[in-house]
Amino acid sequence: MIHKTLKPFPNDFLWGAASSAYQVEGAWDVDGKGVTNWDRFVRIPGKTFKGTTGDVAVDHYHRFKEDVALMAEMGLKAYRFSVSWARIFPNGRGEVNEKGIAFY
């Protein structure tokens, strides 16, 4: 089927994906990561659907190699991800968490 008003994507169009650290990483208390506002908020009874949290999420922290391989298999050429600053600065400032730097 050919749509009469839509134009095809140009050959040089860059297909990609994006994610949010809290929504995909999991590992909320692993390798020195600090506590975030979201980590606290989701623990307030009634604030999330069935008390769900991002504690594990899709476990990108432990499965990023598999995730990147899936992105390559899909033909994605770009990936925009957010950084959890609590993984880099567990106390909000000061000492850098080297394991957080190594992850990113």
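**Exercise 1.** Is phenylalanine 81 buried, partly exposed or exposed?

*Solution.* Keep in mind that this is a predicted model.
- Step 1: look up the relative accessible area of phenylalanine 81, which is 37%.
- Step 2: recall the cut-offs, with buried under 20% and exposed over 50%.
- Step 3: phenylalanine 81 therefore counts as partly exposed.

Now place the residue. Phenylalanine 81 is found in strand β2, which covers residues 78-81. Setting aside neighbours within four places in sequence, phenylalanine 81 is in contact with Ser19 and Tyr104. Its C-alpha atom is 9.6 Å from that of valine 24, although 57 residues separate phenylalanine 81 and valine 24 along the chain.

**Exercise 2.** Describe the aromatic pair formed by tyrosine 61 and phenylalanine 103.

- Step 1: find the partners on the chain. Tyrosine 61 belongs to helix α3 (residues 60-74) and phenylalanine 103 to helix α5 (residues 98-103), so the pair links distant parts of the chain, 42 residues apart.
- Step 2: check the burial, and you'll find that tyrosine 61 and phenylalanine 103 are both buried.

Who else joins in? Tyr61, Phe64, Tyr79, Phe81, Phe103 and Tyr104 are linked by ring pairs into a cluster. Phenylalanine 103 also has the charged end of arginine 87 over its ring, 5.8 Å from the centre.

**Exercise 3.** Is the pair of tryptophan 85 and phenylalanine 89 stacked or edge-to-face?

*Solution.* 
- Step 1: take the angle between the planes, which is 20° for tryptophan 85 and phenylalanine 89.
- Step 2: planes under 30 degrees apart count as stacked, so this pair is stacked, with 6.4 Å centre to centre.
- Step 3: look at the accessibility. Tryptophan 85 counts as exposed because its relative accessibility is 56%, while phenylalanine 89, at 26%, counts as partly exposed.

**Exercise 4.** Which residues does aspartate 55 touch, not counting those up to four places away in sequence?

*Solution.* 
- Step 1: locate aspartate 55 in the loop between α2 (37-41) and α3.
- Step 2: list the partners of aspartate 55, namely Gly26, Ala27, Trp28 and Arg43.
- Step 3: two of these names turn up together elsewhere, as arginine 43 lies over the face of tryptophan 28, 4.1 Å from the ring centre.
- Step 4: with a relative accessible area of 19%, aspartate 55 is buried.

**Exercise 5.** What is the phi of alanine 57, and what is the phi of aspartate 59?

*Solution.* 
- Step 1: alanine 57 is not a glycine, yet its phi is positive, about 50°.
- Step 2: aspartate 59 isn't a glycine either, and its positive phi is about 60°.
- Step 3: alanine 57 sits in the loop between α2 and α3, and aspartate 59 lies in the loop between α2 and α3 as well.
- Step 4: alanine 57 counts as partly exposed at 33% relative accessibility, whereas aspartate 59 counts as buried at 19%.

Notes
Residues numbered from 1 in each chain as written. Predicted model: local features only at pLDDT ≥ 70, side-chain atom pairs only at ≥ 80, totals over all residues. Heavy atoms only, no water. Phe/Tyr/Trp six-rings, centres within 6.5 Å; stacked < 30°, edge-to-face > 60°. Helix = DSSP H or I, 4+ residues; strand = E, 2+ residues; numbered from the N terminus. Buried < 20%, exposed > 50% of the residue type's maximum accessible area, 1.4 Å probe, protein only. Lys NZ or Arg CZ within 6 Å of the ring centre and 35° of its normal. Contact = heavy atoms within 4.5 Å.
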